[in-house]
Amino acid sequence: MEKGDRKLKGFYKRAAAKLKAVPRGVAAAFERLFAFLKWAPLKVWLSIFVMGLGQLCYGQIIKGLIYLVSLGGMLWFFITKGFDYIIGFFTLGTVEENTWLGIKGDNSMNMLILGIFAFFILGFFIALWITNIKDAAYTARRVEKGEKPHSFKQTIQTATDSKFHVTALVLPLVSVCIFSVIPIVFMILIAFTNLGGDVIHPVLADWSFSAWQKIIGLSKVGSTFVKILRWNVLWAVTSTLLNFVCGLGLALLLNKRNVRFSKFWRAFPILAYAIPGFISMLGFKFMFSQSGPINFLLDQAGMQKIFFLTSDASAKWWARGIGLFVNAWISTPSIMLMTTGILSNINTDLYEAAALDGANHFQQFRKITLPFVVFATTPVLISQFVGNFNNFGIFFFMRSGVYSLYDNYFLASDTDLLINWLYNLSVSNNYYSIGAAISLIIFIITSAVSLLVYVNSAAYKQEDTYQ
Amino acid sequence: MSNKRRHRSPKQIAGRITDNFFTYLFLLIISAVFLFPCLWLILSSFSKSGSIYDFRGFFPTEYSLQTFISLFTDDVNGLYPYKTWFLNTLFVAGMSCIFGTVLVILTGYVMSRFRFKGRNGVKKLTLVLGMFPGFMGMTAIYIIMTQLGLVDNLWSLIFLYAGTAPMGYLVQKGYFDTIPNTIFDAARIDGATNLQIFTKITLPLSKPMIVYTALTTFAWPWSDVLLPKLLLKDRMNWTVAVGLFNMPETHFARFAAGSVFIAVPIVILYFCLVKHIVNGLTAGAVKG
């Protein structure tokens, strides 16, 4: 433990050193900026004020026109819509809907997302402006040296050669921004509004901490949160251990020297691994359903039917157990494949030496195999833990739409993990701000665990060698 | 060990026999546990009656090919148009595969080969983004798609799958990292531009990676339920996964047949690619 503490301390030290370096870095940047402005010739100044004008003056007609047209487009966007979007981002709507007077009210949610969008466009605009200035300065330096400004053909050539990385990354970056970054920023911000529940269009929303108050407070939401969090941790620990033990056991069994046709035996777990997850999960749902085959057989045998996956209290531990089983059925094979690979890396000399010293099979397993496998799979174990903590599929497919009718659960069932609850709240039931706050909590837990792993692994190994 | 036969005492032989017995017993049990649900689903798909209530136990009482035929010919008054769903799925998965592969390969290549300002920023950003719960932004995505007028349109899914694919560039980057730099340097000396290096050298060298990427970007839309469920409202626009998700118990045989039909290609793919997948899994083990 002490070692881990020292590593963490090292991590903090580095972070602190980086923070201390910030003011110096800022000062240096300003110095460079002033030097640049002092040097800049007239045509560069033209570009600083009007994007593309400097390029036009240097005779780079096409490039200059492209810059000018995008400047026009941007200005048009901001004058007609963008400024309103940005103002809307702060107010979240001021006009209430009034059907009598035919006033179409503001939609707070749309205004929030359009505001974020406008900020992104603004950022892109600024970035484009900076490239324009840099480009003009580059041309000015060439002219100072007595060289000719780049022709358009040359510009295209740079784009495919020395600036290839920029050209190649533009499309991925833009698409990730639109479909991944903006939605996430939106959700982070929505956690600090009162959107959702009763506050959806036409009602106007506002910035507030109401969601956090509800989660921390003693309301129904708060008590549900505590119950779900407790089960979520229990689930993550048990299912990770169960999957790991089963997977390792399976790999060891198939690795035994007296097993013939191990490829044949291995095919069965791989079959389970290969079937798309949602099909296996839906299949198991049918298998355990009220009138499914298992209940039918129980009925035939004269026993009482068990309502495995229904909403009342009797189903609680059945459903949880079935969830653990199905999750093990689906994920054990991948752990098996992984540990098989790791087992093949163990030096077999170790076993022979141990056998010579009179160690039996169990001792060999405990002293050689287990430490090695645990050591080699720790990172995987942690990522499995994070994966299981956020294992949405199992209970979504097996018990979707089931809300427990006892114990004051708020839009959740007794098997739901935080992530299922998040889905119930924000996608199925429009409780946006609470859902967003939950996702922030999930993010904090996940990243804390990941940070711990990171500090304890690769990046800090180097440090270890010197200690 | 094999060249000299050791003499074994009867006790050792007995030990070996019990060891063998238990090993194979466990193997049989485990294989049964994994095989049984699959077998159950496959046999159910050949059942004569559709509803799970007529099964009387695990397996159907009578077998026929009827379910597979009606899966494609009879859509029960437009409730279960499997053929349309299948074509939709094929279209979405195919298109996402093409665009997604291009974007991921480009990202992975650039992140592996080039050192530029902001590279570390991009790396950290994707790391942080990856820690948010996957569908956290689903509400926002719905609003964005409404603004773009793409709700209930298959292209919305294609944009999403292909557009977010670059987030998973690390595997591809890892592959490009293994190509020795000398090859690229030699090409640079011969005067090739970076674009030429990418198209004429990198792409031919990375065929296995392209195949792997194409398969993974294809398999994801093929079996995703959440996004299509969110964005596709009209039954005729659904993908197979959403359709199967909404099948009731009275159409259990139809569910089984539909599942078997789309699971078989994926299962075959996995068996062909098991080596690649294991490599991917253990690579993750080293990097964490």
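Predicted model: local features only at pLDDT ≥ 70, side-chain atom pairs only at ≥ 80, totals over all residues.
**Figure 1. Lining of the second largest pocket, by residue class.** The lining divides into 31 nonpolar, 11 polar and seven charged residues. Chain A contributes two or more residues from each of α1 (2-39), α4 (61-91), α5 (108-144), α6 (152-160) and α7 (164-190).

**Figure 2. The contact between chain A and chain B.** Each partner is represented in the contact as follows: 86 residues from chain A and 86 residues from chain B. On the chain A side, F164(A), F179(A) and F286(A) lose the most area to chain B. Together these three phenylalanines make up 10% of what that side buries. The area buried between the two chains is about 7700 Å². Carbon and sulfur atoms give 82% of that area.

**Figure 3. The largest cavity, lined from chains A and B.** A search of the whole structure finds four cavities of 30 Å³ or more. The largest has a volume of about 140 Å³. Thirteen residues line this cavity; L173(A), V176(A), T107(B), V122(B) and T126(B) are the closest to its centre. Two elements give two or more residues each to the lining: α7 of chain A and α4 of chain B. The largest share, six residues, comes from α7(A). By class, the lining has 11 nonpolar and two polar residues, with no charged ones.

Figure 4. From chain A, the lining takes I275(A), I279(A), S280(A), G283(A), F284(A), M287(A) and W329(A). From chain B come P37(B), C38(B), W40(B) and L41(B). Helix α11 of chain A and helix α1 of chain B each supply at least two of the lining residues. The largest share is that of α11(A), with five residues. Nine of the lining residues are nonpolar and two are polar; none is charged.

**Figure 5. Helix α12 of chain A and its packing partners.** This helix spans residues 293-300. Its buried residues are P293(A), I294(A), N295(A), F296(A) and L298(A). They pack against α11 (277-287) of chain A and α1 (10-45) of chain B. Those two partner helices also contribute to the lining of the second largest cavity. Just after α12(A), G302(A) takes a positive phi of about 85°.

**Figure 6. Confidence along chain A.** The average pLDDT of chain A is 84. A score of at least 70 is reached by 95% of the residues. Over residues 462-467 of chain A, pLDDT stays under 50. For this stretch the model has four contacts beyond four places in sequence.

Notes. Residues numbered from 1 in each chain as written. Chains lettered and ligands numbered in written order. Heavy atoms only, no water. Helix = DSSP H or I, 4+ residues; strand = E, 2+ residues; numbered from the N terminus. Nonpolar A, V, L, I, M, F, W, Y, C, P; charged D, E, K, R; others polar. pLDDT = per-residue confidence, 0-100. Contact = heavy atoms within 4.5 Å. Buried < 20%, exposed > 50% of the residue type's maximum accessible area, 1.4 Å probe, protein only. Buried area = accessible area lost by both parts, 1.4 Å probe. 1 Å grid on protein atoms, 1.4 Å probe; cavity = no way out; pocket = protein on both sides within 12 Å on 5 of 7 lines; lining within 4 Å. Points joined across faces, edges and corners; volume = space filled by probe spheres on them.
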